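Here is my note on the structure shown below. The points are numbered so that each can be checked against the coordinates in turn.

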2 protein chains.
Amino acid sequence: MKQPTICPRFEKAISLLSQRWTALVIYRLLSGPQRFSEIQSAIGISGKVLSERLKDLEQQGIVTRKVIPEMPVVIEYSLTEKGHSLEPILREIENWSQLWIPPLAE
Amino acid sequence: MKQPTICPRFEKAISLLSQRWTALVIYRLLSGPQRFSEIQSAIGISGKVLSERLKDLEQQGIVTRKVIPEMPVVIEYSLTEKGHSLEPILREIENWSQLWIPPLAE
DNA sequence: TTTATATACTTACTTTATGTAACTAAGTAT
DNA sequence: ATACTTAGTTACATAAAGTAAGTATATAAA
């Protein structure tokens with residue numbers, strides 16, 4: 001075999017980012033802490049998968065969960081430093097999409 | 001609703017890149033044209049899904065397929081200009097992974 | 001007291017995506 | 001004719017995601 005195998009750290013990053021919804025959840029949180037239902041309605045993800053993703057992301061140290069004991073309890077999700085460090089990647093994607101995805105694409 | 005909805009162009013870019021294997025296929029092709037079987041063994045994708053992905057990517061103008069009529073026929077896949085324009089994104093991911101993914105991670 | 005509302009989930013079930021392994025097509029070579 | 005190679009495809013099995021209803025906790029309304 002002559003092809004160099006792909007770096008496992010890179011592969012891990014890819015598998016994180018290419019899990020469905022994950023990038024969009026992080027992107028949303030870039031604009032500040034949000035609640036479960038805010039994320040849900042903003043990106044159109046099901047409650048089931050969103051709760052799975054948020055648990056994953058929390059475990060990977062990308063997202064923090066904070067319970068605020070208000071009158072209906074509020075749960076606030078936000079990015080950790082590691083989470084924020086993904087911003088340049090998402091900005092590159094944003095930028096690329098403006099250059100290469102036609103405006104009318106559904 | 002107070003949350004601004006996510007830009008559809010950005011969403012499209014994300015859905016492209018977060019399809020399983022797509023980013024790895026493009027990443028491989030960044031180092032030059034490759035054959036079906038090379039891509040397959042380098043990233044460990046099944047033939048079935050690889051052929052689906054390559055068709056998709058061809059249709060989206062990211063990859064080109066070229067038939068070279070050699071003795072066993074050789075089919076060479078390479079990136080278009082649009083495909084190459086994704087390089088900065090993949091480099092950011094590569095860079096991020098070196099900073100934030102622990103070396104021993106399986 | 002029952003009924004209703006709200007948030008943040010979870011559960012059961014269905015549909016879609018992916019994996020696996022065997023098979024096909026076209027062209028040599030033996 | 002038989003076997004070998006590359007680039008796939010097909011049929012079937014498993015895993016991931018979607019959908020809709022249900023749960024837990026708390027507040028307020030009838």
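This is a predicted model: local features need pLDDT of at least 70, side-chain atom pairs count only at pLDDT 80 or more; totals for chains, interfaces and linings use all residues.

1. How are the two protein chains related?

2. The contact between the chains can be described from the side of chain B. Here 36 residues of chain B are in contact with 35 residues of chain A. On the side of chain B that touches chain A, helices α1 (8-17), α2 (22-30), α3 and α6 (87-100) of chain B supply at least two residues each. The largest share of that side comes from α6(B), with ten residues. By class, the side of chain B that touches chain A has 21 nonpolar, eight polar and seven charged residues.

3. Next, the sheet of chain A. Three strands of chain A form an open sheet in the order β1-β3-β2, with antiparallel pairing. Which strands lie at the edges? They are β1 and β2 of chain A, each of which pairs on one side only. As a reminder, strands of a sheet pair through backbone hydrogen bonds, in either a parallel or an antiparallel way.

4. The two pairings can be followed residue by residue. Strand β1 (residues 34-35) pairs with strand β3 (residues 74-79) of chain A over two bridges, and in one of them A:Gln34 has A:Tyr77 as its partner in β3(A). Strand β2 (residues 63-68) of chain A pairs with β3(A) over six bridges. In β3(A), A:Tyr77 is also the bridge partner of A:Arg65, while A:Glu76 stands opposite A:Lys66. A hairpin of five residues joins β2(A) to β3(A).

5. α4(A) lies across β2 and β3 of chain A and runs at about 110° to β2(A). α2(A) packs on the sheet and touches β1, β2 and β3 of chain A. The direction of α2(A) makes about 95° with that of β3(A).

6. A:Leu30 lies in helix α2 (residues 22-30) of chain A. Leaving out residues up to four places away in sequence, A:Leu30 touches A:Leu79, A:Glu87 and A:Leu90. A:Lys48 is 18 residues from A:Leu30 along the chain, and their C-alpha atoms are separated by 22 Å.

7. A:Ser15 gives a second case. This serine is found in helix α1 (residues 8-17) of chain A. A:Ser15 is partly exposed, because 13 other C-beta atoms lie within 10 Å. The C-alpha atoms of A:Ser15 and A:Ser51 are separated by 18 Å, and the two residues are 36 places apart along the chain.

8. How many residues lie around DNA strand C? There are 19, of which A:Ser37, A:Gly47, A:Ser51, B:Arg20 and B:Ser46 come nearest. At least two residues of this surface come from each of α3 (36-43), α4 and β3 of chain A and α4 of chain B. The surface near DNA strand C has nine nonpolar, six polar and four charged residues.

9. DNA strand D is the last item. It is surrounded by 19 residues, the closest being A:Arg20, A:Ser46, B:Arg35, B:Ser37 and B:Ser51. The elements giving two or more residues to the surface near DNA strand D are α4 (47-59) of chain A and α3 (36-43), α4 (47-59) and β3 (74-79) of chain B. Nine residues of the surface near DNA strand D are nonpolar, six are polar and four are charged.

Notes
Residues are numbered from 1 along each chain as its sequence is written. Chains are lettered from A and ligands numbered from 1 in the order in which they are written. Two strands pair if DSSP finds at least two bridges between them. Helices (H or I, at least four residues) and strands (E, at least two) are DSSP runs, numbered from the N terminus. A residue is near a molecule or strand if its C-beta atom, placed from the backbone, lies within 6 Å of it. Ala, Val, Leu, Ile, Met, Phe, Trp, Tyr, Cys and Pro count as nonpolar, Asp, Glu, Lys and Arg as charged, and the others, Gly among them, as polar. Two residues are in contact if their C-beta atoms, placed from the backbone, lie within 7 Å. A residue is buried if 20 or more other C-beta atoms lie within 10 Å of its own, exposed if 12 or fewer, and partly exposed in between; C-beta atoms are placed from the backbone. Axes are lines fitted to C-alpha atoms, for helices over the stretch in contact, and angles run from 0 to 180 degrees between N-to-C directions.
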